[in-house]
Amino acid sequence: MNNTENDSNRRQEIQSSLNSIVESSDKWLERLRRREFRVRLAGSFLTGSLVLMAVGAAAILGFYLSQGEEIDDFFEQQSLAFQFSLVGAAAAAGLISGILTYFFLKRKHDTRMKDLSSLITEMKKKTNEQQQNNANVGGGEGITKEALSLAEKIVTLLPELVRKRKHDSLLFGAVAFVVTNVVISNLVVAIIVGVLVWLYVRHRTKKSYEHEMSKYEEQKRVFEQRKKDFIDTL
Amino acid sequence: MEKPDLYVVARFLDIMFSNGSSMKNTNIQMLLGVNYPRFMEYLEWLLKRDLVAASLDEEGSERIKLTPKGIDSYHRLVDWIKETLDGVKI
């Protein structure tokens with residue numbers, strides 16, 4: 001095999017690694033997006049449910065404080081239309097706050113992902129341009145700077161994500177409480193289910209937390225070290 | 001230059017690899033996006049380590065080309081980034 005063939009093979013290998021970098025980055029971003037979508041849904045559902053219950057409770061409490069009568073009397077004394085409008089108002093408030101929470105969280109997540117997303121878009125654009133320019137010859141720009149920057153952002157972001165995941169247990173517990181309360185209308189059972197779910201998720205998260213944190217911190221340290229080593233070995 | 005910035009070195013190698021053939025200094029400098037004195041510092045650093053080689057074209061202007069050692073280093077850099085990105089799971 002002569003030098004030209006050797007060189008061409010090596011270039012193909014590099015090009016294939018560069019394409020693979022773009023693919024893995026894309027998959028990574030997709031996984032992150034899916035995870036944040038689940039957190040957004042749970043957060044919105046929880047906020048909506050809490051607002052719904054708070055509005056209903058406030059109306060009943062208001063009636064109790066002004067009339068000094070039992071809750072059962074409230075339902076007996078009010079017309080069906082009034083009761084429906086109260087439930088409707090509470091549901092609307094819950095729905096609106098849930099939607100608002102969703103979009104608020106989406107904006108927050110999108111801001112955090114903006115940098116990663118634009119780096120990947122840039123990498124894809126450059127890779128496509130390169131392929132159109134027939135890879136080996138012709139102009140174009142490489143993607144290693146963006147890929148390096150992306151890798152650095154990812155190794156920095158991972159420990160933060162794991163730290164945030166610690167709070168997810170509370171969120172899941174609260175969602176379990178709300179769902180149980182709505183389905184079986186029993187506050188005590190709902191509290192027990194909520195606490196059990198919270199403890200279970202907390203236990204699972206705690207179990208993996210230490211391991212994952214040390215793994216990601218180590219990954220970050222190795223990345224920084226290899227950055228220094230790479231220059232030294234040139 | 002005491003300690004070069006890896007990002008600039010990576011971009012330098014990137015430009016040389018992507019363009020395949022030898023390039024004029026000014027073209028590399030423009031794509032690299034650094035000022036000329038800074039570019040010359042990096043060029044000297046890379047020349048000293050045989051990562052790029054300089055030659056004169058028919059018009060007598062200097063042209064820079066990636067050496068086999070430069071391609072190897074670029075290959076290592078790309079593989080390392082790939083390895084890092086493949087290794088991260090959420």
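Which residues in α4(B) are buried? In this predicted model, the buried residues of α4(B) are G70(B), S73(B), Y74(B), L77(B), V78(B), I81(B), K82(B), T84(B) and L85(B). Several of these residues return in the contact with chain A, where α4(A) meets L77(B), V78(B), I81(B), T84(B) and L85(B) of α4(B).

**Chain B as a whole**

- Chain B contains four helices and three strands, and their order along the sequence follows the pattern α-β-α-α-β-β-α.
- Taken along the principal axes, the C-alpha atoms of chain B fill a box of roughly 55 × 25 × 20 Å.
- Of the 90 residues in chain B, 33% are buried.
- When contacts in chain B between residues at least 6 apart in sequence are considered, 50% of them join residues at least 24 apart.
- Helix α4 of chain B covers residues 68-87, and its 20 residues, at 1.5 Å a residue, should span 28 Å, which agrees with the 28 Å between its end C-alpha atoms.

**The sheet of chain B**

- The three strands of chain B form an open sheet in the order β1-β3-β2, and their pairing is antiparallel.
- Because β1 (23-24) and β2 (52-56) of chain B stand at the edges and have a single partner strand each, one side of each is left without a neighbour in the sheet.
- β2(B) and β3(B), the latter made of residues 62-66, run antiparallel and are joined by five bridges.
- Within this pairing, S55(B) has R63(B) of β3(B) as its bridge partner, while L56(B) stands opposite E62(B) in β3(B).
- The hairpin of β2(B) and β3(B) has five residues between the strands, and G60(B) takes a positive phi near 85° there.

**The contact between chains A and B**

- Chain A brings 36 residues to the contact, and chain B brings 33 residues.
- On the side of chain A that touches chain B, α1 (3-67), α4 (144-165) and α6 (187-233) of chain A each supply at least two residues, and the largest share, 13 residues, comes from α1(A).
- By class, the residues on that side of chain A divide into 17 nonpolar, 11 polar and eight charged.

**Helix packing across the contact**

- Two packed helices are described by the angle between their axes and the distance between the axes.
- For α4(A) and α4(B), the angle is about 35° and the axes lie 10 Å apart, with a crossing that is left-handed.
- From α4(A), this contact is made by T144(A), A147(A), L148(A) and A151(A), which meet L77(B), V78(B), I81(B), T84(B) and L85(B) of α4(B).
- The contact of α4(A) with α4(B) has seven nonpolar and two polar residues, and no charged residues.
- α4(A) also packs with α1(B), a helix of residues 6-19, at an angle of about 145° and with the axes 8 Å apart.
- In this second packing, T144(A), K145(A) and L148(A) of α4(A) make the contact with Y7(B), A10(B), R11(B) and D14(B) of α1(B).
- The contact of α4(A) with α1(B) has three nonpolar, one polar and three charged residues.

Technical notes:
Residues are numbered from 1 along each chain as its sequence is written. Chains are lettered from A and ligands numbered from 1 in the order in which they are written. This is a predicted model: local features need pLDDT of at least 70, side-chain atom pairs count only at pLDDT 80 or more; totals for chains, interfaces and linings use all residues. Two residues are in contact if their C-beta atoms, placed from the backbone, lie within 7 Å. Ala, Val, Leu, Ile, Met, Phe, Trp, Tyr, Cys and Pro count as nonpolar, Asp, Glu, Lys and Arg as charged, and the others, Gly among them, as polar. Two strands pair if DSSP finds at least two bridges between them. A residue is buried if 20 or more other C-beta atoms lie within 10 Å of its own, exposed if 12 or fewer, and partly exposed in between; C-beta atoms are placed from the backbone. The expected span of a helix is 1.5 Å times one less than its number of residues. Axes are lines fitted to C-alpha atoms, for helices over the stretch in contact, and angles run from 0 to 180 degrees between N-to-C directions. A crossing is left-handed if the near helix is turned anticlockwise from the far one by less than a right angle, and right-handed if clockwise.
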